[in-house]
Amino acid sequence: RHGAAGRLAEARLAAGQALSFARQGGWPHARGRLCAVLADLSEQAGDRAAALRYRASAIEEMQVLGDRRTTAELLIATARTAQLRQDEAGPSAPSFDAEWAADPTETIRMAGRPAAEVGWREGVELSRNGSRRGKD
């Protein structure tokens, strides 16, 4: 609700509180989804480093759960964010903990496998073409 109204700071705060609650409750699916929401909100706020961190956490949660479609979508979104970050900061962009996320080409390639496993043709095509589009 806050995010839709353009109140990104409030949206990020609310999502962060929900994430803390999900961590305390031990709900991996909620943690993964909330990390994905926080990644989107962070990117909207222009904080690409936070977006990459949250997406890496979301990907990890979704992989543990075996949610391959969401994993592929998150990898594609991560590649887009990493590419934008590189375009903005140039080669001097600070490195990211997850090396695969720092390399948009590798990240988009990684999305192909889970996309193929679930029969998501668009995701497979995006991974083959190296498209920088976000999740569709």
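**View 1. Contacts across the whole predicted chain.** Take the contacts between residues at least 6 apart in sequence: 54% of them join residues at least 24 apart. The model is a predicted one, and its protein chain holds 7 helices and 0 strands. Reading from the N terminus, the elements go α-α-α-α-α-α-α. Of the 136 residues in the protein chain, 42% are buried. The chain exposes about 7500 Å², with carbon and sulfur atoms supplying 48% of that area.

**View 2. Helix 2 packed against helix 3.** Here we zoom in on helix 2 (residues 28-44) and helix 3 (residues 48-65). As a reminder, two packed helices are described by the angle between their axes and the distance between the axes. For this pair, the angle is about 160 degrees and the axes lie 8 Å apart. Angles over 145 degrees count as roughly antiparallel, so helix 2 and helix 3 get that label. The crossing of helix 2 past helix 3 is left-handed.

**View 3. Who touches whom between helix 2 and helix 3.** On the helix 2 side, the contact is made by Pro28, His29, Arg31, Gly32, Arg33, Cys35, Ala36, Leu38, Ala39, Asp40, Ser42 and Glu43. Helix 3 answers with Arg48, Ala50, Ala51, Tyr54, Arg55, Ser57, Ala58, Glu61, Met62 and Leu65. Sorted by class, this contact of helix 2 with helix 3 has 11 nonpolar, 4 polar and 7 charged residues.

**View 4. Arg48 and its neighbours.** Arg48 sits in helix 3 and is one of the residues that helix 3 brings to the contact with helix 2. Is Arg48 buried or exposed? Its relative accessibility is 16%, and buried means under 20%, so Arg48 counts as buried. Leaving aside residues up to four places away in sequence, Arg48 touches Glu43, Thr81, Leu84, Arg85 and Glu88. Of these, Glu43 belongs to the helix 2 side of the contact with helix 3.

View 5. Ser20 has its place in helix 1 (residues 8-25). Along the chain, Ser20 and Arg31 are 11 residues apart, and their C-alpha atoms are separated by 8.5 Å.

Technical notes. Residues numbered from 1 in each chain as written. Predicted model: local features only at pLDDT ≥ 70, side-chain atom pairs only at ≥ 80, totals over all residues. Heavy atoms only, no water. Axes fitted to C-alpha atoms, helices over the stretch in contact; angles between N-to-C directions. Helix = DSSP H or I, 4+ residues; strand = E, 2+ residues; numbered from the N terminus. Parallel < 35°, antiparallel > 145°, perpendicular 65-115°, else oblique. Left-handed = near helix turned anticlockwise from the far one by under 90°. Contact = heavy atoms within 4.5 Å. Nonpolar A, V, L, I, M, F, W, Y, C, P; charged D, E, K, R; others polar. Buried < 20%, exposed > 50% of the residue type's maximum accessible area, 1.4 Å probe, protein only. Areas by Shrake-Rupley, 256 points an atom, 1.4 Å probe, with all protein chains shown as cover.
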